[in-house]
Amino acid sequence: MVSGGRLVLSFGEVRAALRLFRNVPLLRLWIPKLTDVVSALQLIICLEKLGVLGFTSMPRSLEEISSFLGGVKRTDLLQDIFETLKELKVFRVVDGKYVVNWWMVEKFFRLKAKHPALKPFNVTFQGVERMAYRAALTVLRGGKVDLTSPEIATIFYFQTHHPVFDIGRRALLDLGGGRSLKGKTILDVGCGFGAEPVTILNYLDFDCNLICIDFSSNVVDECMHTPVERIAGKPLPSPKLLMELENVSFITVDPSAERWPIPDESVDVAFTFSYLHRCDHPQRAIRECARILKRNGRFLLTTMIKKGEKLTVTDVAIRLFGGNRSYSRREIKEFLRNAGLEDVKIRFSFFVTARKS
Ligand SMILES: C[S@@+](CC[C@H](N)C(=O)[O-])C[C@H]1O[C@@H](n2cnc3c(N)ncnc32)[C@H](O)[C@@H]1O
């Protein structure tokens, strides 16, 4: 926040900044750059697994690459892969054909092996290497990937249980009011496989009313069966499941629904982490959060936010694994304004807080 020409940081902002700096060596690679490096590596691994890197040792046209892969219907997406990777010098163009730059591929693989900021993403890279490259091929062939298919769900599962996600969720809670959120009703949109509700509950010493929603019954079911071993720091005689806690409830929402089955102005906080860039209707999702929020309620969001409007390697990676895309600061502000949210603050290229008037 800038006040009288001076930079004044709130307690929550200082806490969030310390949490991020202390815990994640990611600031050695600034966050937007880190996101793009992770995305580029995902694309490179996919292309390697599909044999495309070897195939483009010689100059190849998009048509040649397309028929090498077989059955490609999304030539637009295939072209986006090559064009965004070309900007990162992974490919160059010779007479209108793509040729792989092996030295740049090696450079990315060296980064992956050595850079401390990339260590938390090893699970993502392994997921792409073992399974998700097949989902990418399905998408290129015009198919839809089911987000609960083993290829994608396995990556999500391990990713969302990784400490780096926990740090991000806690930083969002720091920015959105910290411990003052105790006793409130919180809507967790895109709650995932259970790690997120547990983080929120632990952060608030279990003193909140938590409504978990997700868009597939398999995910919600997994979430409901998450074991809790301690409550407010005290070990339980035997673990309880999230679904056994009185202050936690669950709703499965049809992803195409215009309206979620939750009453108007019924929650104090809407919390959504790493979901918006995946959903098909981001404006609708934010409007629903705003509708459900009480007056003066807080909206807390974490998603990938890009600097400009241009298609990025991160957008392409999100699409290739069945999601939608990232948004610019302008788009995010517009979504929130259209939904009637104000006091919009965007921090560290990921975290957004706002308030319903
Ligand atoms: C990366 S996970 C994050 C989960 C949770 N917020 C966390 O951090 O643990 C993405 C979430 O978005 C949901 N999701 C992904 N794609 C979706 C889509 N196209 N429509 C609706 N929900 C989607 C998934 O079910 C999943 O819960």
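This is a predicted model: local features need pLDDT of at least 70, side-chain atom pairs count only at pLDDT 80 or more; totals for chains, interfaces and linings use all residues.
Colleague: Where does serine 349 lie, and how do you know whether serine 349 is buried or exposed?

Modeller: Serine 349 lies in the loop between strand E14 (341-347) and strand E15 (351-356). Its relative accessible area is 18%, and the cut-off for buried is under 20%, so serine 349 is buried. Serine 349 also has a positive phi, about 60°, although it is not a glycine.

Colleague: What makes E14 and E15 a hairpin, and how many residues sit between them?

Modeller: The two strands form a hairpin with three residues between them. E14 and E15 run antiparallel and are joined by five bridges. Two strands count as paired with at least two bridges, so five bridges meet that cut-off. Arginine 347 stands opposite phenylalanine 351 in E15. In the turn, phenylalanine 348 has a positive phi of about 50°.

Colleague: Which other strand is joined to E15, and how do they run?

Modeller: That's strand E11 (residues 293-302): five bridges join E11 to E15, and they run antiparallel. As one example, leucine 300 has threonine 353 in E15 as its bridge partner.

Colleague: How do you know whether E15 is enclosed by the rest of the structure?

Modeller: Count its buried residues. Five of the six residues of E15 are buried, so E15 is largely enclosed.

Colleague: And what about strand E8 (residues 234-241): how many of its eight residues are buried?

Modeller: Zero of the eight, so E8 lies largely in the open. E8 pairs with strand E7 (residues 227-231) in the antiparallel sense, over four bridges. Isoleucine 231 stands opposite lysine 234 in E8. E7 and E8 form a hairpin with two residues between them, and alanine 232 in the turn has a positive phi of about 50°.

Colleague: Let's do a helix. What makes helix H13 (residues 313-320) largely enclosed?

Modeller: Seven of its eight residues are buried, so the rest of the structure largely encloses H13. Among the buried ones are Val313, Asp315 and Leu320. Glycine 322 follows H13, with a positive phi near 85°.

Colleague: Why is histidine 277 called buried?

Modeller: Its relative accessibility is 3%, and buried means under 20%, so histidine 277 counts as buried. Histidine 277 lies in the loop between strand E10 (267-273) and helix H12 (282-292).

Colleague: Which residues does histidine 277 touch, not counting residues up to four places away in sequence?

Modeller: The list includes Thr303, Met304, Ile318 and Tyr327. A contact means heavy atoms within 4.5 Å.

Colleague: Zooming out, how many helices and strands does the chain have, and how do you know how compact the chain is?

Modeller: The chain has 14 helices and 15 strands. Its radius of gyration is 21 Å, close to the 21 Å that the globule rule gives for 357 residues, so the chain is as compact as a globular protein of that length. Along its principal axes, the C-alpha trace spans about 65 × 50 × 40 Å.

Colleague: What percentage of the 357 residues are buried?

Modeller: That's 54%. And among contacts between residues at least 6 apart in sequence, 69% join residues at least 24 apart.

Conventions:
Residues are numbered from 1 along each chain as its sequence is written. Side-chain values use heavy atoms; hydrogens and water are left out. Buried means under 20% relative accessible area, exposed over 50%, partly exposed in between (1.4 Å probe, protein chains only). The radius of gyration is taken over C-alpha atoms; the globule rule is 2.2 Å times the number of residues to the power 0.38.
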